[in-house]
Amino acid sequence: MKIFIDPPNSLILFDLVERFGHEPLSTMATIQERVDNLEIDMPPLNVTLEDIQKGLKYAGIEVPSGIRGRMAVWGPLIDEAEAAILMNDAPFAFGCVGCHRTNLLVDYLVKKRKIPIIEVEYPQDEDEGRDLVLKVKEFLEGLK
Amino acid sequence: MIKIAQLSCGTEYSSVQYEIEKAARSVGAKMVHPDVEAAEIESCVEKFGFNPVSPQLKLMIARAVHLAEGKYDADAVFIATCFRCAEGALVRNELRRYIQENTRLPVVTYSFTERMKSSQLLTRMEALVTIVSRKELLARERQSGITVGIDSGSTTTKAVVMVDNQIEGMAWGPSGEVIESSSSLLEEALQQAGVKMSDVEAMGTTGYGRFTIGKHFNAKLVQEELTVNSKGAVWLADRQRGEATIIDIGGMDNKAITVRDGVPDNFTMGGICAGASGRFLEIVSKRLKLEVTELGAIADQGDWRNVRMNSYCSIFGIQDLVTTLAEGKTRPDVAAAACHSVAEQIYEQQLQEIDVRQPVIQVGGTSLISGMVNAMGEILGTQPIVPPHSQYIGAVGAALLSSGFLEVV
């Protein structure tokens, strides 16, 4: 199944999803696809003006361009997702989209999809970390 | 190569990062991103004292702290966040203050939309580079020899002939076709000064048409109007030393520049919106069946409070104008309201991005409209100084700075 992860660039969540036999929907793959596309030339991420207009599907014109551009990247992943893992209160070093308003919108849109979701808290110590892995494992296995 | 440190949020997702880099490249500069370790970000934010929620804004702060503490070397700073982002706007403004208080680096701030193109940043980037690379030239306080300055503006062109720190000839007229108008105005100014073109030792050009006329006349100095106008303003106002704020409201855009010893250290430039420029006053004059030169004196007789006018957008401003005239409001009140509205736009859009320093020097074509100067004074709570020949700042600045090349050659 296609699993949306939030933060969408979390390497740890990406690895967990892959390990338990699912396809992670992440920033890494979608950005790589853009960067590898040599026909586009809007460095560094190849988010183009056309993309930002596509972002209007998720946020209106009065919303800052940075949010619409981010939504152009993550919005289609949310649409495609069959399940999602949302981590609350993750420090930015764990993964982030840079903009808190985008975080709020991503979180809202994922929940609105009514797909299976597991919400977990960022672990504060090793025990909590172990619990987190177990919870995510159980969730992912249950999806099979 | 001049290194401009970029402190920004959202540029890479707004399809403008490439445009920023293109603008920097075109003026011989390079955008750089101060290195910060992830582990240092929170402590930098704590030092700074403002803790935004968005991580990219935290990174902006950490980069600024590294610049202020000398851990990263750059020549100038460009601070940009998304237009309409309140959190971004707060950080952008506070970072600009922080950089100015803690470094001597020139700063420019910008709030962008996805439509921003490199050409919109060109003058700002060019000014940053000029401030860094032409420090000695900008420190020049006296004009020497026989030099000419031409300011090819959006609405009018101005030509000045200077001889040994004195203005000897000057002329202005509508810009129209830039080479033609510059040539005839130059001829007029030369004639007034009793100087032949062959006697001219150096020429400087500025304004929108600077590249075209600079190439045509083989000018020694072709420079953006932010630094040139500042220089002209402080020379004309005899405020070459110390601090000042220059408000330059032109025909198509407006500039607010803070200077220290005649050299800009922060500036903002209004977009091409008629509502906050001389163009709106031209529209109003036409409707009132007045010459724009008469508008100021008429405005001085009126009271803006009697008329509701808001030129936040020139179209709305014109709607207000039509409505108030239809209501039978008097010409003095309408003229005063138009001046007040333009001054209000400058205050709300430009002066919020800089810290106004005394004295305020008002220049540009609109400074000849007394109603406009009085409106600005009322809003600022301090009457601006309008130097003599205040519409010639660009031409004077160009003539003054171009004389710097005489000693170099």
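Guide: Contact here means heavy atoms within 4.5 Å of one another. By that rule the contact takes 26 residues from chain A and 25 from chain B. The model is predicted: local features need pLDDT of at least 70, side-chain atom pairs count only at pLDDT 80 or more, and totals for chains, interfaces and linings use all residues. Residues are numbered from 1 along each chain as its sequence is written, chains are lettered from A and ligands numbered from 1 in the order in which they are written, and side-chain values use heavy atoms, with hydrogens and water left out.

Visitor: What makes up the area that chain A and chain B bury between them?

Guide: Buried area is the accessible area (1.4 Å probe) that two parts lose on being put together, summed over both. For chain A and chain B it is about 2200 Å², with 64% on carbon and sulfur atoms.

Visitor: Why is the pairing of Glu114(B) with Arg68(A) called a salt bridge?

Guide: The term requires a side-chain nitrogen of Lys or Arg within 4 Å of a carboxyl oxygen of Asp or Glu. The closest N and O atoms of Glu114(B) and Arg68(A) are 2.8 Å apart, so the pair meets the rule.

Visitor: How do you know which parts of chain A the salt bridge of Asp79(A) and Lys57(A) ties together?

Guide: The two side chains meet at 2.9 Å, N to O. Asp79(A) lies in helix α4 (residues 65-80) and Lys57(A) in the loop between α3 (49-54) and α4, so the parts tied together are 22 residues apart in sequence. Helices (H or I, at least four residues) and strands (E, at least two) are DSSP runs, numbered from the N terminus.

Visitor: Why are α10(B) and α13(B) called roughly antiparallel?

Guide: Axes are lines fitted to C-alpha atoms, for helices over the stretch in contact, and angles run from 0 to 180 degrees between N-to-C directions. Angles under 35 degrees count as roughly parallel, over 145 as roughly antiparallel, 65 to 115 as roughly perpendicular and the rest as oblique. The axes of α10 (residues 278-287) and α13 (residues 331-350) of chain B come within 10 Å and cross at roughly 165°; the two helices are therefore roughly antiparallel.

Visitor: Which residues of α10(B) and α13(B) meet?

Guide: Phe280(B), Leu281(B) and Val284(B) in α10(B) meet Ala338(B), Cys339(B) and Val342(B) in α13(B).
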